Amino acid sequence: MNADIFVCTVGGSPAPIIFSLQQHAPGHVLFICSASSAAAVQEQILPALSDAGHTLRHSVEVLHNEQDLLACVRDIRAAVERARAVWDLPQASLLADFTGGTKVMSAALVLALMEYDVAFTYIGGGQRSKNGLGTVLDGEERVMQLANPWDVLAFSPVQQLADAFTSCQFTTAARLAADLAARSEQAAFFHALALLCEGYAAWDGFDYPTARTLFPKALTQLAAAAPARLSAFLDTVRENDAALQAAARELAAFTEQRSPCPAYLQDLAANALRREQQGRYDDAVARFYCLLEKAAQVELCCRYGIETSNVKPEQLPEAFCRETPPLVSHDGRIQLPLFRAYSLLACLHNPLGQTFLENQEELTAVLAARNSSLLAHGFSPVSAALCKTLRQLVLRFLHLEASVLPSFPTLDPALLK
């Protein structure tokens with residue numbers, strides 16, 4: 001096994017550690033010792049490595065209490081971070097040998113390092129002292145290479161939290177963060193992260209008032225509790241907060257004053273993209289269709305004072321009425337569904353309506369497929385191909401670039417440890 005840093009616990013018998021070091025020949029070694037075993041590093045282990053022992057870059061860390069599991073875990077994690085910093089190996093991979101030391105020391109080494117990029121090794125053998133129940137006899141050592149159970153079983157709550165956040169499962173992420181806050185030394189940080197996840201869940205569900213309240217609170221708490229390595233993540237969250245506030249303000253202004261709301265439409269497009277990235281194609285297509293509808297509604301309302309759900313007869317040009325007879329709802333109101341709304345815009349010589357006419361054939365074909373989907377009027381789920389086609393068409397039609405839409409950050413589990 002190749003690794004940047006070899007970490008080992010040192011006990012009363014140095015022979016297994018000497019054998020392990022000879023087999024792995026690491027460039028950097030972190031010795032985890034008790035107060036009584038620390039002297040063995042200089043007196044027995046390094047001299048036994050011949051010339052390599054004189055040049056080996058190493059550090060000796062003495063545990064405060066080798067019988068206290070929690071204290072040992074804390075000390076080992078702190079020692080690894082110090083070694084990475086001193087040796088300028090911030091992303092160092094680890095090889096950990098838990099053969100030596102007390103049972104608590106060995107258990108602590110595994111617990112402390114499981115969430116790192118680590119592999120484990122153990123010195124076993126065919127013959128042991130005490131009728132096979134004691135230590136491996138000198139000369140009978142065998143290197144055992146062991147997988148990291150954390151990687152194989154993937155049960156790290158931190159990993160689960162990061163995965164949930166990155167895949168926009170924010171309600172799940174909030175619960176996991178709250179669980180970690182209840183049992184972690186970083187309680188303040190995980191509590192703030194849970195609050196942020198709740199904010200993203202509200203935003204992703206179009207609950208702007210709740211999201212607008214949660215984001216500033218979460219950012220204030222994260223600024224005080226988050227480790228410095230999360231600075232880039234927090235910068236993106238601040239950008240998201242600005243986009244959220246703009247979308248919410250514009251939606252409120254449109255509702256109250258009939259003002260244009262480009263940031264709100266961009267946010268709706270970004271929401272549709274997230275559903276597509278999750279493989280929720282029916283949800284994504286429903287949102288892209290909604291985006292087309294909202295774009296027409298906003299244009300008609302803000303430019304001409306026409307509400308598509310309640311059109312006044314005198315607002316409709318004669319030419320439009322001749323070609324497109326009005327649809328009257330059960331309560332007697334004239335309403336404009338999507339195609340009629342864009343036809344009216346075209347009749348009013350509006351650029352958006354003209355563009356719609358130019359793309360009408362393609363739009364008609366794609367939207368017909370949407371209408372037969374499960375969440376519209378049919379029984380067939382939307383395919384990834386149809387979703388992609390509609391997305392490209394809608395974004396091009398509305399002059400929206402995916403690269404400039406609000407984009408949620410990802411969460412690297414390594415930054416949470």
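Predicted model: local features only at pLDDT ≥ 70, side-chain atom pairs only at ≥ 80, totals over all residues.
**Exercise 1. Aromatic pairs**

How many aromatic pairs does the rule count, and how are the rings of F170 and Y200 arranged?

*Solution.* Step 1: rings of Phe, Tyr and Trp (its six-membered ring) pair if their centres lie within 6.5 Å; planes under 30 degrees apart count as stacked, over 60 as edge-to-face and the rest as tilted. Step 2: the count comes to 18 aromatic pairs. Step 3: F170 and Y200 lie 5.2 Å apart, centre to centre, with 20° between the planes, and this aromatic pair is stacked. Step 4: F170 belongs to helix α9 (residues 170-183) and Y200 to helix α10 (residues 187-204), so the pair links distant parts of the chain, 30 residues apart; helices are DSSP runs (H or I, at least four residues), numbered from the N terminus. Step 5: F170 and Y200 are both buried.

What is the class of the pair formed by Y342 and F397?

*Solution.* Step 1: the ring centres of Y342 and F397 are 5.4 Å apart and the planes stand at 65°, so this pair is edge-to-face. Step 2: Y342 is in helix α16 (residues 338-347) and F397 in helix α19; the pair links distant parts of the chain, 55 residues apart.

Which residues do ring pairs link into a cluster?

*Solution.* The cluster consists of F165, F170, Y200, W203, F215, F233 and F408.

**Exercise 2. Surroundings of E276**

Where is E276 placed, and which residues does E276 touch?

*Solution.* Step 1: E276 is found in helix α13 (residues 262-277). Step 2: with a relative accessible area of 11%, E276 is buried. Step 3: contact means heavy atoms within 4.5 Å. Step 4: leaving out residues up to four places away in sequence, E276 touches Y281, A284, F288, C387, K388 and R391. Step 5: E276 and C387 are 111 residues apart along the chain, and their C-alpha atoms are separated by 7.3 Å.

Step 1: K388, one of the residues touched by E276, lies in helix α19. Step 7: K388 has 42% relative accessibility, so K388 counts as partly exposed. Step 8: from C-alpha to C-alpha, K388 and P413 are 30 Å apart in space, while 25 residues separate them in sequence.

**Exercise 3. Packing of α18 and α19**

At what angle do helix α18 and helix α19 pack, and which residues meet?

*Solution.* Step 1: axes are lines fitted to C-alpha atoms, for helices over the stretch in contact, and angles run from 0 to 180 degrees between N-to-C directions. Step 2: α18 (residues 360-371) and α19 (residues 384-397) pack at about 135°, with axes 10 Å apart. Step 3: E362, L363, V366, L367, A369 and R370 in α18 meet L386, T389, L390, L393 and R396 in α19.

Note on methods
Residues numbered from 1 in each chain as written. Heavy atoms only, no water. Helix = DSSP H or I, 4+ residues; strand = E, 2+ residues; numbered from the N terminus. Buried < 20%, exposed > 50% of the residue type's maximum accessible area, 1.4 Å probe, protein only.
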